[in-house]
Amino acid sequence: MTNESKMRVAFIGSGKVATELALIFRFQGVQITGVSSRNHLSGTALSSQVNCPFMADPNDLEADLIIIATNDSSVKELNISLKKDCFVAYTAGAVNLADFPNEKWGVFYPLQTFTKNRHLSIDEVPILLESNSFELRNKLESLCKLD
């Protein structure tokens with residue numbers, strides 16, 4: 001994949017972090033391929049905003065990168081139940097990446113409080129990155145450099 005703006009990204013979660021990141025990426029030309037959320041109401045609302053399908057089962061998501069924007073305990077549950085062979089990054093700051101030895105897992109942690117109806121660009125949001133592979137690290141870094 002030479003043009004990272006063509007990267008296909010899906011989201012698990014539909015709260016403020018998932019919504020803001022999905023809107024930022026969509027605006028920058030990233031293809032959002034799906035949203036999965038336990039909250040069907042906010043999940044379908046987000047999928048509508050970014051023009052992609054809502055999928056109740058996160059294992060139905062098809063993407064180059066899945067971003068998990070849920071609470072910490074859900075990240076741990078998804079590590080066990082998510083049966084995808086794609087890159088996964090989570091936004092939970094209190095989950096240790098060392099607990100997930102899979103080389104396709106990483107952290108994409110926005111060091112920012114998101115406020116409803118206040119939209120930022122990616123260059124206004126400090127992002128902390130960590131990954132278990134250089135390939136994933138490069139993908140995550142490219143999302144931080146979208147223009």
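Where is the place of Lys 76? The legends below answer this and describe further views of a predicted model, in which local features need pLDDT of at least 70, side-chain atom pairs count only at pLDDT 80 or more, and totals for chains, interfaces and linings use all residues. Residues are numbered from 1 along each chain as its sequence is written, and side-chain values use heavy atoms, with hydrogens and water left out.

**View 1. Lys 76 in helix 3.**
Lys 76 lies in helix 3, residues 72-81. Helices (H or I, at least four residues) and strands (E, at least two) are DSSP runs, numbered from the N terminus. Lys 76 counts as partly exposed because its relative accessibility is 42%. Buried means under 20% relative accessible area, exposed means over 50%, and partly exposed is in between, with a 1.4 Å probe and protein chains only. Leaving aside neighbours within four places in sequence, Lys 76 is in contact with Val 95 and Phe 100. Contact means heavy atoms within 4.5 Å. Lys 76 and Val 95 are 19 residues apart in sequence, and their C-alpha atoms are 8.0 Å apart in space.

**View 2. The whole chain.**
The chain has 4 helices and 6 strands. Along the sequence they follow the pattern β-α-β-α-β-α-β-β-β-α. Of the 147 residues in the chain, 48% are buried. Among contacts between residues at least 6 apart in sequence, 49% join residues at least 24 apart. The accessible surface of the chain comes to about 7600 Å², and carbon and sulfur atoms account for 48% of it. Accessible areas come from the Shrake-Rupley method with a 1.4 Å probe; for residues, only the protein chains shown count as cover.

**View 3. Ser 37 and its surroundings.**
Ser 37 is in the loop between strand 2 (31-36) and helix 2 (40-49). With a relative accessibility of 9%, Ser 37 counts as buried. The side chains of Ser 37 and Ser 14 are joined by a polar contact of 2.8 Å. A polar contact is a pair of N or O atoms within 3.5 Å; within protein, one must be able to donate a hydrogen and the other to accept it, and residues adjacent in sequence count only if both atoms are side-chain atoms. A polar atom of the Ser 37 side chain also lies 3.1 Å from the backbone nitrogen of Asn 39. Beyond four places in sequence, the residues in contact with Ser 37 are Gly 13, Ser 14, Ser 42, Gly 43, Phe 54 and Met 55.

The largest nonpolar core has 27 residues, and Phe 11, Phe 25 and Leu 65 have the most contacts inside it. Such a core is a set of buried Ala, Val, Leu, Ile, Met, Phe, Trp, Tyr and Cys residues joined through side-chain atoms within 4.5 Å. At least two residues of this core come from each of strand 1 (8-12), helix 1 (16-27), strand 2, strand 3 (65-68), strand 4 (87-90) and helix 4 (134-144). Helix 1 gives the largest share, 6 residues. A second, separate core of 19 residues includes Ala 10, Cys 86, Val 88 and Tyr 90.

**View 4. Strand 1 beside strand 2.**
Strand 1 is largely enclosed by the rest of the structure, because 4 of its 5 residues are buried. Strand 1 pairs with strand 2 in the parallel sense over 5 bridges. Two strands pair if DSSP finds at least two bridges between them. Ile 12 stands opposite Ser 36 in strand 2.

**View 5. Strand 5 and its two partners.**
In strand 5 (residues 105-110), 5 of the 6 residues are buried, and the strand is mostly covered. Strand 4 and strand 5 run parallel and are joined by 3 bridges; Ala 89 stands opposite Gly 106 in strand 5. Strand 5 also pairs with strand 6 (residues 127-131), in the antiparallel sense and over 5 bridges. There, Phe 108 has Leu 129 of strand 6 as its bridge partner.

**View 6. Asn 51 in a loop.**
Asn 51 is found in the loop between helix 2 and strand 3. Its relative accessible area is 60%, so Asn 51 is exposed. Phi of Asn 51 is near 55°, a positive value in a residue other than glycine. Most residues other than glycine have a negative phi.

Cys 52 counts as buried at 12% relative accessibility. Cys 86 is also buried, with a relative accessible area of 9%. A disulfide is a pair of cysteine sulfur atoms within 2.5 Å; by this rule the count is 0 disulfides.
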